[in-house]
Amino acid sequence: MARKDFVFGKENFILIGIAILFIVIGFALMSGGGSTDGVSFNPEIFNVRRIVIAPAVALFGFMMMIVGILKKSKDKAEE
């Protein structure tokens, strides 16, 4: 299959890959903070990392994904 058969160019794939990385990091930052026994309350679930930073990182990843999909590739523009 020739390179011109792809819908996206190299830049698009790089942006999409970086976006996926940001999304995974954002969701990983949200994890944890559960109780050890399953019944007691752990206030660590409400720290700044889990309710501010992690969603912002994941949202940035999703926005980057949109940019990576919609960006017109230079390879395709020349054809």
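Which side chain of opposite charge is nearest to Arg50, and how many Å away is it? The views below start there. This is a predicted model, where local features need pLDDT of at least 70, side-chain atom pairs count only at pLDDT 80 or more, and totals for chains, interfaces and linings use all residues. Residues are numbered from 1 along each chain as its sequence is written, and side-chain values use heavy atoms, with hydrogens and water left out.

**View A. Arg50, buried without a salt bridge.** Arg50 sits in helix H2, a DSSP run (H or I, at least four residues; numbered from the N terminus). Buried means under 20% relative accessible area (1.4 Å probe, protein chains only). The answer is Glu44, 4.1 Å away; a salt bridge needs a side-chain nitrogen of Lys or Arg within 4 Å of a carboxyl oxygen of Asp or Glu. Opposite charge here pairs Lys or Arg (positive) with Asp or Glu (negative), leaving out His and the chain ends.

**View B. What the Arg50 side chain reaches.** It gets to the backbone oxygen of Glu44 at 2.7 Å, while the backbone oxygen of Gly32 lies 3.3 Å from a polar atom of the Arg50 side chain. Beyond four places in sequence, Arg50 also touches (heavy atoms within 4.5 Å) residues including Leu29, Met30 and Pro55.

**View C. Ala19 in helix H1.** Helix H1 spans residues 10–30. Ala19 counts as buried because its relative accessibility is 0%. Leaving aside neighbours within four places, Ala19 is in contact with Gly61, Met64 and Met65. Ala19 and Val67 are 48 residues apart in sequence, yet 9.3 Å apart in space, C-alpha to C-alpha.

Methods
Helices (H or I, at least four residues) and strands (E, at least two) are DSSP runs, numbered from the N terminus. Buried means under 20% relative accessible area, exposed over 50%, partly exposed in between (1.4 Å probe, protein chains only). A polar contact is a pair of N or O atoms within 3.5 Å; within protein, one must be able to donate a hydrogen and the other to accept it, and residues adjacent in sequence count only if both atoms are side-chain atoms.
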